[in-house]
Amino acid sequence: MHDKLLKKYLEYANTEESFAVLFVKKHLVQAKGHWVDIIDCRRYEMSPDNLHFRFVIGGVYKKKIQPEYPSKSAYTIDGKFNEREYYLMVRAITWETAHKDIEQQKSKNVAATKFKITGVSYDKNRSNKNYFRDDAPPEIKALANNLYNRTNPLWDKAMQYLNKPEYVYKIKHVYID
């Protein structure tokens with residue numbers, strides 16, 4: 001049973017929903033000590049950070065069922081504790097318990113505290129019209145006067161001073177019902 005549960009949990013752990021739960025736990029104080037039920041979410045697909053969401057909508061439920069974890073001795077072989085395996089199992093059991101508890105509460109029409117969190121990702125350099133960064137030496141900045149002439153040997157050095165997009169992520173709104 002533990003192997004099946006662990007397999008199901010590991011499949012879930014890389015889903016958008018699992019990252020949305022972590023996102024809510026990070027940005028919504030009311031989620032502390034509660035189960036998080038994700039209804040809908042949308043990530044910023046191009047962001048390298050899995051916790052950058054356009055929005056996350058869901059509900060927060062009080063914990064009515066507490067998970068029952070195995071003893072650490074079950075993950076100790078020849079006096080060596082397998083911490084990774086133990087904590088993976090703890091997470092899998094927590095995940096399974098959360099889903100059971102949320103489904104039971106939904107079937108009894110228990111009202112969740114509803115939430116919507118919206119975030120925004122933007123290029124903080126978008127309004128900067130300069131081709132090179134401000135810290136570029138004057139001889140490098142002078143190259144911007146004729147961007148079509150790349151014969152100057154300074155261009156090799158100049159490439160490190162390009163004003164590249166720098167994306168920033170911020171929480172825009174947190175709505176709680």
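1. The backbone nitrogen of D49 lies 3.2 Å from a polar atom of the S47 side chain, and the side chains of S47 and H52 are joined by a polar contact of 2.7 Å. A polar contact here is a pair of N or O atoms within 3.5 Å, where, within protein, one atom must be able to donate a hydrogen and the other to accept it, and where residues adjacent in sequence count only if both atoms are side-chain atoms. S47 itself is placed in the loop between β1 (34-43) and β2 (53-62), and S47 is buried, with a relative accessible area of 13%; buried means under 20% relative accessible area, exposed over 50%, and partly exposed in between, with a 1.4 Å probe and protein chains only.

2. On provenance, this is a predicted model, in which local features need pLDDT of at least 70 and side-chain atom pairs count only at pLDDT 80 or more, whereas totals for chains, interfaces and linings use all residues. Residues are numbered from 1 along each chain as its sequence is written, and side-chain values use heavy atoms, with hydrogens and water left out.

3. The protein chain has 5 helices and 6 strands, which follow the pattern α-α-β-β-β-β-α-β-α-α-β when read along the sequence. The radius of gyration of the protein chain is 24 Å, well over the 16 Å that the globule rule gives for 177 residues, so the chain is more spread out than a compact globule. Helices (H or I, at least four residues) and strands (E, at least two) are DSSP runs numbered from the N terminus, while the radius of gyration is taken over C-alpha atoms and the globule rule is 2.2 Å times the number of residues to the power 0.38.

4. Along its principal axes, the C-alpha trace of the protein chain spans about 70 × 50 × 25 Å, and buried residues make up 34% of the 177 residues. Among contacts (heavy atoms within 4.5 Å) in the protein chain between residues at least 6 apart in sequence, 70% join residues at least 24 apart.

5. D78, in the loop between β3 (76-77) and β4 (80-81), has a phi near 55°, a positive value in a residue other than glycine, and D78 is exposed, with a relative accessible area of 80%. N109, which lies in the loop between α3 (83-107) and β5 (113-123), has a positive phi of about 60° although N109 is not a glycine, and N109 is exposed, with a relative accessible area of 69%.
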